[in-house]
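Please walk through the predicted model shown below, moving from its aromatic rings to its core, its pocket and some backbone details.

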Amino acid sequence: MSSVRVSIEPHAPREDVETVIRGLRQFNTDFIGEPNMQSVQILLRDEHDAVVGGLLGHSVYRWMFIAKLWVSADVRGGGLGSNLLKTAEEEARRRDCLGMYLDTFEYQARPFYERHGFVLFGTLDGYPPGYRQFYLAKHLQPTQ
């Protein structure tokens with residue numbers, strides 16, 4: 001093997017970063033098939049069309065990942081977060097997803113997600129320092 005070096009490159013050229021991403025994606029595709037990655041963007045808008053909340057994520061390998069869920073403090077408490085999750089679940093089912101998963105810090109919304117059927121499957125203590133990050137998932141039953 002030729003000489004290979006390790007280098008930390010915080011400003012690596014985009015094409016070099018893409019080489020790594022393409023290489024990993026190809027390895028995964030060869031092993032488990034096409035990922036069918038699709039973004040998920042569900043927004044809450046007020047009467048002036050301003051965004052007051054939303055849910056962002058993606059589906060890949062028949063699982064939907066919820067990366068962000070936020071509702072403005074001005075409109076919290078009226079079930080809008082629940083509506084976002086319900087809409088995401090409907091979209092996950094439409095995409096034939098097997099389940100949904102997410103992470104949340106302990107000062108955020110773990111009880112909210114658990115009320116919606118998500119179950120804890122992992123905890124990272126000390127992230128961020130002094131807190132914990134929780135990982136939750138919800139398996140989706142096939143619709144009849």
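The paragraphs that follow take up these topics in turn.

This is a predicted model, in which local features need pLDDT of at least 70 and side-chain atom pairs count only at pLDDT 80 or more, while totals for chains, interfaces and linings use all residues. Residues are numbered from 1 along each chain as its sequence is written, and side-chain values use heavy atoms, with hydrogens and water left out.

A pair of aromatic rings is described by the distance of the centres and the angle of the planes. Here, rings of Phe, Tyr and Trp (its six-membered ring) pair if their centres lie within 6.5 Å; planes under 30 degrees apart count as stacked, over 60 as edge-to-face and the rest as tilted. The structure has 9 aromatic pairs. In one of them, the ring centres of F105 and Y127 are 5.6 Å apart and the planes stand at 50 degrees, so the pair is tilted. The two residues are 22 apart in the chain and link distant parts of it: F105 belongs to strand β4 (residues 99–105), and Y127 to the loop between β5 (119–125) and β6 (132–139). Helices (H or I, at least four residues) and strands (E, at least two) are DSSP runs, numbered from the N terminus.

Relative accessible area (1.4 Å probe, protein chains only) is called buried under 20%, exposed over 50% and partly exposed in between. F105 counts as buried because its relative accessibility is 18%, whereas Y127, at 40%, counts as partly exposed. Y113 and F118 form an edge-to-face aromatic pair, with 5.9 Å from centre to centre and 70 degrees between the planes. Both partners are buried: Y113 has 7% relative accessibility and F118 has 4%. Ring pairs also join F105, Y107, Y127 and Y131 into a cluster.

A nonpolar core is a set of buried Ala, Val, Leu, Ile, Met, Phe, Trp, Tyr and Cys residues joined through side-chain atoms within 4.5 Å. The largest one has 21 residues, of which L55, M64, I66, L85, M100 and F118 touch the most other members. At least two residues of this core come from each of β1 (38–45), β2 (51–60), β3 (63–71), α2 (80–94), β4, α3 (110–115) and β6. With 4 residues, α2 gives the most. Leaving aside neighbours within four places in sequence, M100 is in contact (heavy atoms within 4.5 Å) with residues including W63, M64, L85, F118 and L136.

Which residues are closest to the centre of the largest pocket? Among its 21 lining residues they are L69, W70, V71, A109 and Y113. The lining takes at least two residues from each of β3, α2, β4 and α3, and β3 gives the most, with 6 residues.

Some backbone details remain. Y127 and P128 are joined by a cis peptide bond, with omega about -10 degrees, and P128 is in the loop between β5 and β6. R62, in the loop between β2 and β3, has phi near 65 degrees, a positive value in a residue other than glycine. At 40% relative accessibility, R62 counts as partly exposed. D96, in the loop between α2 and β4, also has a positive phi near 65 degrees, and is partly exposed with a relative accessible area of 46%.

How values were computed. 1 Å grid on protein atoms, 1.4 Å probe; cavity = no way out; pocket = protein on both sides within 12 Å on 5 of 7 lines; lining within 4 Å.
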